[in-house]
Amino acid sequence: MQTEIGILATGSYLPTKVMSSAAIAERVGVEADWILRKTLIAERRFAAPEEATSDLAAKAGADAIDRGGLDAASIDYLIVATSTPDSPQPPVACLVQAQLGAWNAACFDINVVCSGFVYALELARSLVSARPSARALVIAADVYSRSLDFDDRRTAVLLGDGAGAAVVGRVPSGYGILATHLASRGDQRQLIRVEAGGSRLPASHETVDSGGHYFRMDGRAVRDFVMDNVPPALEKLFAEAGVSPADLVHVVPHQPNGVLLGQLIELAGLDHARTHRTLDRYGNVGSASVPVTLDDANRSGFLRTGDLLLLTAFGGGMSMGHCLMRWTADRA
């Protein structure tokens with residue numbers, strides 16, 4: 001007997017410090033209008049000096065737990081998707097567990113860069129399917145402001161900090177996750193990268209002096225990858241789920257760049273659905289983009305029981321994660 005698994009509650013946390021495009025423009029040496037024209041991003045949030053990824057993640061997780069009417073002790077699995085951990089170890093999830101008091105949860109991290117939330121959601125679905133009484137807290141969080149090179153206007157104008165979360169569990173029959181498509185292309189790994197700080201190039205005076213710890217991206221090649229690979233993957237996803245794209249009500253996408261996002265939605269033939277955007281306010285918050293935007297749509301009252309949703313993400317690796325679900329916040 002199949003167990004339907006879905007999202008029971010959502011949450012998010014964005015730091016309070018607002019960085020307008022005018023402020024970023026001054027730092028990188030461009031006009032604010034150039035940033036708005038190229039990205040459609042008006043502002044983004046930067047973490048306070050005392051805030052790390054685990055702090056943002058814990059606040060988003062607590063928000064989701066609270067909005068679901070649950071308590072931290074009811075969480076059986078705690079999964080954090082991030083590419084900007086507090087430190088190489090321990091896992092961010094264990095730090096979040098300590099902040100939340102989720103002592104019954106098994107904790108682990110995954111790193112799939114901007115696709116991380118969809119990958120973590122699929123992991124949570126598998127775990128709960130094997131143990132239907134369980135609940136999983138899935139959090140995606142990134143603090144990219146610490147790895148920005150403000151001499152590189154191509155990347156410094158895009159990224160911000162934030163965290164989003166979802167509680168995953170059983171939902172009534174006919175609802176929840178219908179199908180997920182995950183894919184990676186490691187031969188394209190050089191398109192998005194942070195080169196130093198790991199076992200191949202450990203932190204040293206040389207790696208710091210050369211800027212090896214900064215976020216780097218080949219924007220034009222990333223655009224080509226997205227346009228070539230995402231629409232065919234979405235076609236496969238709809239076929240596997242046995243639903244028509246015409247039935248889609250909501251698109252909740254990764255928020256890389258407003259111009260790129262608009263082009264992708266049109267190319268994929270999804271412009272009949274409501275595409276939810278938060279990048280104008282928050283920029284690209286990496287793995288947190290999808291859950292932050294999902295929570296924004298949920299809080300705004302746009303998501304109704306029975307609506308067909310598409311979560312779609314893509315980024316470093318290069319990796320993609322796409323998920324179709326029939327929305328309900330009800331528990332089985």
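Select Val113 first. In this predicted model, Val113 has a relative accessible area of 16%, which lies under the 20% limit, and Val113 therefore counts as buried. The residue sits in the loop that links strand S5 (106–110) to helix H5 (116–130).

Next, select residues 108–186. For this span the UniProt record, an unreviewed entry, gives the annotation "domain: Beta-ketoacyl-[acyl-carrier-protein] synthase III N-terminal". The span is 24% helix and 38% strand, and its end C-alpha atoms lie 23 Å apart.

Now select Arg153, which belongs to helix H6 (residues 153–156). Which residues does Arg153 contact, leaving aside its neighbours within four places in sequence? They are Val28, Val30 and Trp34. Val28 stands 125 residues away along the chain, yet the C-alpha atoms of Arg153 and Val28 are separated by 5.7 Å.

Proceed to helix H1 (residues 21–28) and helix H2 (residues 32–39). Two packed helices are described by the angle between their axes and the distance between the axes. The axes of H1 and H2 cross at roughly 110 degrees and come within 8 Å. The two helices are therefore roughly perpendicular to each other. H1 passes H2 in a right-handed crossing. To display the contact, select Ser21, Ala22, Ile24 and Ala25 of H1 together with Ala32, Ile35 and Leu36 of H2. By class, this contact of H1 with H2 has 6 nonpolar residues, 1 polar residue and no charged residues.

From H2, move to Leu40, in the loop between H2 and strand S3 (43–46). Phi of Leu40 is near 65 degrees, a positive value in a residue other than glycine. Leu40 counts as partly exposed, at 44% relative accessibility.

Two cis peptide bonds come next. Select Gln89 and Pro90: the peptide bond joining them is cis, with omega about 5 degrees. Pro90 lies in the loop between strand S4 (77–81) and helix H4 (92–100). Then select Gly317 and Met318, where the peptide bond is also cis, with omega near -10 degrees. Met318 is in the loop between strand S13 (308–315) and strand S14 (319–326).

Continue with helix H8 (residues 219–241) and helix H9 (residues 258–267), whose axes are 10 Å apart and form an angle of about 25 degrees. That angle makes H8 roughly parallel to H9. H8 passes H9 in a right-handed crossing. Highlight Arg223, Val226, Met227, Val230 and Pro231 in H8, which meet Leu260, Gln263, Leu264 and Leu267 in H9. The residues of this contact divide into 7 nonpolar, 1 polar and 1 charged.

Finally, select helix H11 (residues 289–299). Because 9 of its 11 residues are buried, H11 is largely enclosed by the rest of the structure. Among the buried residues are Val290, Val292, Leu294 and Asp295. Just after H11, Gly301 takes a positive phi of about 85 degrees.

Terms used. Residues are numbered from 1 along each chain as its sequence is written. This is a predicted model: local features need pLDDT of at least 70, side-chain atom pairs count only at pLDDT 80 or more; totals for chains, interfaces and linings use all residues. Side-chain values use heavy atoms; hydrogens and water are left out. Axes are lines fitted to C-alpha atoms, for helices over the stretch in contact, and angles run from 0 to 180 degrees between N-to-C directions. Helices (H or I, at least four residues) and strands (E, at least two) are DSSP runs, numbered from the N terminus. Angles under 35 degrees count as roughly parallel, over 145 as roughly antiparallel, 65 to 115 as roughly perpendicular and the rest as oblique. A crossing is left-handed if the near helix is turned anticlockwise from the far one by less than a right angle, and right-handed if clockwise. Contact means heavy atoms within 4.5 Å. Ala, Val, Leu, Ile, Met, Phe, Trp, Tyr, Cys and Pro count as nonpolar, Asp, Glu, Lys and Arg as charged, and the others, Gly among them, as polar. UniProt positions are given in the numbering used here, feature names are shortened, and annotations may be inferred rather than shown by experiment. Buried means under 20% relative accessible area, exposed over 50%, partly exposed in between (1.4 Å probe, protein chains only).
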